[in-house]
Amino acid sequence: MRLGMAQKVIPNTSLEGIHPTYIYKVVLLGNTSVGKSSLAYRYVKNDFKESLPTVGCSFFTQTLNLEVATIRFEIWDTAGQEKYHSVCHLYYRGAHAALLVYDITNKETLNRAKLWLTDLEKEFLPDEIVIALVGNKTDLAAEREVATEEGEEFARTKGLLFMETSAKSNHQVNDIFMAVAQELLQREQEKASNLSPSRGKSAVDLGQSRVRTGCCRL
Amino acid sequence: MNIKKQHCHGCRPSRPADESQRDGGSYGAEQRQALPLLPQQFPEVVPLNVGGMYFTTRLSTLRRYEDTMLAAMFSGRHYIPTDAEGRYFIDRDGTYFGDILNFLRSGDLPPRERVRSVYKEAQYYSIGPLLDNLEDVQPLKGEKVRQAFLGLMPYYKDHLERIIEIAKLRAMQRKARFAKLKVCVFKEEMPITPYECPHFNSLRFERSESETKLFEHHCEVDVSFGPWEAVADVYDLLHCIVTDLSDRGITVDHQCIGVCDKHLINHYYCKRPIYEFKITWWLQREEEEAYASSQSTQGAQSLTFSKFEEKKTNEKTRKVTTVKKFFTASSRTGAKKVAQEKIVKQGQLGRERNADNILRDLKEIFTPSWELASPTEEIQEAKAPSPSINRQASIETDRVSKEFIEFLKTYHKPGQDIYKQCKLFLDTMNHKRDLSIEEQSECAQDFYQNVAEKLQTRWKAPPEKVEKAMDQIEKYIMTRQYKYVFCPETTDDEKKDLAVQKRIRALHWVTPQMLCVPVNEEIPEVSDMVVKAITDIIEMDSKRVPRDKLACITKCSKHIFNAIKITKNEPASADDFLPTLIYIVLKGNPPRLQSNIQYITRFCNPSRLMTGEDGYYFTNLCCAVAFIEKLDAQSLNLSQEDFDRFMTGQASPKKQESDSFSPDVCLGVKQMYKNLDLLSQLNERQERIVNEAKKLEKDLIDWTDGVTKEVQDIVEKYPLEIEPKNQALAAIDSENVENDKLPPPLQPQVYAG
């Protein structure tokens with residue numbers, strides 16, 4: 001199998017060139033109890049109640065109609081148990097984005113997220129994949145073990161998108177996926193116009209997401 | 001070997017034509033005189049006529065070994081007739097007599113390819129030393145070894161007869177040229193359930209009598225070989241069958257058509273491999289040639305290396321690898337030999353067909369592609385590589401081709417183009433068989449990409465239509481390519497398959513609890529789903545198109561999700577799904593797992609594999625297999641010692657106490673415990689009812705007693721006094737004083753009139 005072959009671009013013939021459709025594979029990584037599935041479930045459920053998978057809760061698709069393009073997310077949930085860590089690399093083959101989810105009430109889960117990040121770094125070049133660090137369960141603020149700043153700081157040093165969410169109270173769930181979508185589109189445009197490497201742009205996005213996080217904390 | 005060969009050439013029996021002139025006159029007169037003498041006197045040099053072939057040898061040569069027929073014949077005790085020329089006549093085919101003479105002369109043995117025939121002749125002339133010598137060289141020595149193996153098969157010979165008999169009857173019944181039989185060949189008894197393990201050092205399983213009965217079945221085949229305890233494997237036996245049949249002049253082709261899917265118990269299936277034997281009773285010209293060449297290749301087993309070299313240069317490069325393999329010792333030689341034969345057949349046919357191909361190509365230039373694409377041509381094409389190709393497969397190929405053409409017709413002009421492209425691709429692939437499988441995969445992927453791009457850009461097809469077309473193209477191409485690229489000999493896929501299979505079998509003791517599988521098989525619906533999932537994953541192997549295989553995985557996954565959902569009452573997440581899938585794979589032990597994964601990875605349309613639901617489930621299956629391969633004590637929450645003991649079969653995990661059954665306990669036992677529970681409950685209830693009834697009875701008795709007593713009390717209190725009746729009436733009247741004032745009662749009077 002060839003990884004580069006995964007065609008993510010299917011030009012929409014009716015509006016060719018103007019309104020392309022992109023298919024992006026997003027993997028969810030994180031410990032068992034951090035709420036990966038709930039996050040995806042909440043994201044998909046909010047917009048399209050009818051397209052909800054009836055039995056499974058581990059593979060979702062979500063279509064976003066943006067101004068510049070149509071994006072179809074394929075969200076792959078992964079098994080978070082530690083014993084499956086060694087086989088996880090099979091999941092993120094050919095992924096375009098990864099969400100590293102941790103539980104803000106459990107410090108250990110952030111450490112595991114860091115482990116996954118090193119795995120991803122081994123597999124991908126920095127501009128091949130968009131990685132977002134997501135601190136979930138802000139509804140349990142009373143039991144918080146990981147300060148927002150800690151996650152934020154870590155994300156900044158590694159050049160990741162960052163956001164704190166709550167799948168339960170639907171806090172910033174849409175936003176994080178939207179941020180990923182924007183980042184992916186940005187990179188797509190850069191690739192198309194062959195501009196400077198995406199590092200710089202990534203920083204811009206980082207800035208935006210930080211601002212948003214800030215707002216919400218207030 | 002070479003020396004012997006030269007000898008052999010030297011001693012070739014000469015034809016009467018060249019010998020008669022030289023020998024004819026000289027001996028003639030002399031011998032006629034010797035005729036009436038008894039006991040017969042023989043000259044020092046004896047002229048012989050063996051069935052019309054002339055030989056000359058010394059008398060001492062013929063008498064070399066006592067107790068042989070020749071020594072006895074020429075001892076002088078017997079009369080031997082002479083022919084017109086005065087040569088001593090032996091009424092037997094003389095083809096191999098020269099070899100006999102050579103042995104008597106110098107002890108030389110015939111070349112390998114003549115050994116069998118000479119052996120027969122030596123038996124006729126009862127030349128013991130030659131027989132002994134021949135038995136000690138190839139191929140007879142090998143034959144002895146082979147017979148030692150076949151001796152393990154109690155009814156081997158009978159089975160062969162049976163195969164021939166059935167094939168004859170079937171062909172006659174149908175007035176057909178060939179007949180097909182299903183033959184099951186299995187080396188060992190497989191464990192029926194993953195929880196069974198064989199007795200140490202044997203193929204038998206610990207099974208209770210009732211279980212044995214339950215698992216014992218006869219696959220629905222005509223003949224069944226096995227099991228046997230030997231190193232030789234299924235391929236070796238198949239080779240034996242084919243050689244023995246063709247020794248009898250029977251043209252036979254065989255092909256594995258799958259495994260026996262006979263349902264045994266719960267979700268356990270028989271899974272013994274089934275081969276289809278096609279026996280052709282009379283051959284068409286093409287086949288006759290192929291058969292002749294295959295016969296000569298069988299002879300080639302005994303050919304010298306130089307002859308092989310000749311053959312090798314005759315054939316195309318790709319065959320070189322096979323020839324090489326032919327010489328490397330391997331347990332799979334049987335299979336390879338068969339493959340070798342096939343290839344040689346193709347080679348021989350190749351030249352024949354070349355002319356046909358040119359003709360066809362010419363035709364292609366002048367006729368529109370649609371006409372060429374008629375089904376008959378398709379069949380022809382499907383048959384081309386080997387006339388004896390599996391019929392069932394070719395029927396399917398044919399059907400797929402027809403469907404494909406029908407489908408393309410809806411695409412009009414691009415459809416024709418697509419068809420041409422596919423044809424071109426298949427042709428190229430045919431020329432690229434000698435490339436590594438990775439390179440072939442690369443070609444296929446390139447092809448998919450090119451066609452998809454063309455569909456999008458040149459023919460402006462909408463995405464859904466592209467996807468549909470790509471599916472059809474994949475189906476068409478891969479049905480044809482399957483037999484070449486699935487588990488190809490150039491890879492170690494088969495070895496990996498066996499390794500995984502063995503590994504899964506070794507892990508038979510793993511329970512759902514160890515894997516933390518969130519599925520409760522005690523719920524009937526759940527166990528139903530589990531069975532369905534296992535069936536789906538096993539079914540994957542029977543599909544030929546990668547996408548159909550993917551569909552099986554997806555179906556299996558859906559059933560797993562259902563099982564989890566019913567158990568947990570909420571949709572399953574990936575954390576639940578992967579362990580359950582692993583459990584299903586462990587329980588099902590699907591056949592040729594690695595081959596299937598590799599095949600899908602190499603030849604599936606990549607856009608399906610990297611994205612979409614199918615791709616997701618496929619990735620999960622890959623994870624499951626990778627996990628099973630790496631599985632260790634830690635991942636099952638066991639101590640290393642326990643894990644080792646379970647793996648080596650020294651112990652098996654303790655069954656849990658009766659209050660919480662592990663799901664591997666026999667369903668019957670579980671049902672029994674349930675019934676016992678129910679019975680004890682009923683018993684309790686019955687007792688309660690009896691008690692109540694007794695109480696009620698007592699109450700009733702008490703009540704009657706009470707009533708009686710009360711009545712008596714009342715009776716006692718108010719005793720009944722009965723007064724005389726008249727007195728009472730008089731009293732009534734006496735009280736009525738007005739009575740006296742009444743007129744007297746009317747008297748009846750009689751009137752005359």
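Guide: Let's start with a term: a salt bridge is a side-chain nitrogen of Lys or Arg within 4 Å of a carboxyl oxygen of Asp or Glu. This is a predicted model, where local features need pLDDT of at least 70, side-chain atom pairs count only at pLDDT 80 or more, and totals for chains, interfaces and linings use all residues. Residues are numbered from 1 along each chain as its sequence is written, chains are lettered from A and ligands numbered from 1 in the order in which they are written, and side-chain values use heavy atoms, with hydrogens and water left out.

Visitor: Which residue of chain A forms a salt bridge with B:Asp575?

Guide: Side chains of opposite charge can pair when their charged atoms come close. Here the partner of B:Asp575 is A:Lys36, with the closest N and O atoms 3.4 Å apart.

Visitor: How much area do chain B and chain A bury between them?

Guide: The size of an interface is often given as the accessible area lost when the parts come together. Buried area here is what two parts lose on being put together, taken with a 1.4 Å probe and summed over both. For chain B and chain A that's about 3400 Å², 64% of it on carbon and sulfur atoms. On the chain B side, B:Asp575, B:Met610 and B:Tyr616 lose the most area to chain A, together 22% of what that side buries.

Visitor: How many residues does the contact take from each of chain B and chain A?

Guide: With contact meaning heavy atoms within 4.5 Å, the tally is 41 residues from chain B and 35 residues from chain A. There are also 10 residue pairs in polar contact across the interface, both at pLDDT 80 or more. A polar contact is a pair of N or O atoms within 3.5 Å; within protein, one must be able to donate a hydrogen and the other to accept it, and residues adjacent in sequence count only if both atoms are side-chain atoms.

Visitor: Which helix gives the most to the side of chain B that touches chain A?

Guide: Helices are DSSP runs (H or I, at least four residues), as strands are (E, at least two), numbered from the N terminus. Helix α29(B) gives the most to that side, with 11 residues.

Visitor: Where are B:Arg146 and B:Asp244, the two ends of another salt bridge?

Guide: B:Arg146 is in helix α8 (residues 140–150) and B:Asp244 in helix α11 (residues 234–247) of chain B, 98 residues apart. Their closest N and O atoms are 2.5 Å apart. Buried means under 20% relative accessible area, exposed over 50%, partly exposed in between (1.4 Å probe, protein chains only). B:Arg146 is buried at 17%, and B:Asp244 is buried at 12%.

Visitor: Is B:Asp136 buried or partly exposed?

Guide: B:Asp136 is partly exposed, at 48%. Its side chain meets that of B:Lys141 in a salt bridge (3.7 Å, N to O), and B:Lys141 is partly exposed too, at 41%.

Visitor: What is the mean pLDDT of chain B?

Guide: pLDDT is the predictor's confidence in each residue, from 0 to 100. Chain B has a mean of 75, and 71% of its residues reach 70 or more. Over residues 1–37 of chain B, pLDDT stays under 50, and residues 297–353 of chain B also stay under 50. The model scores ipTM 0.82 and pTM 0.52.
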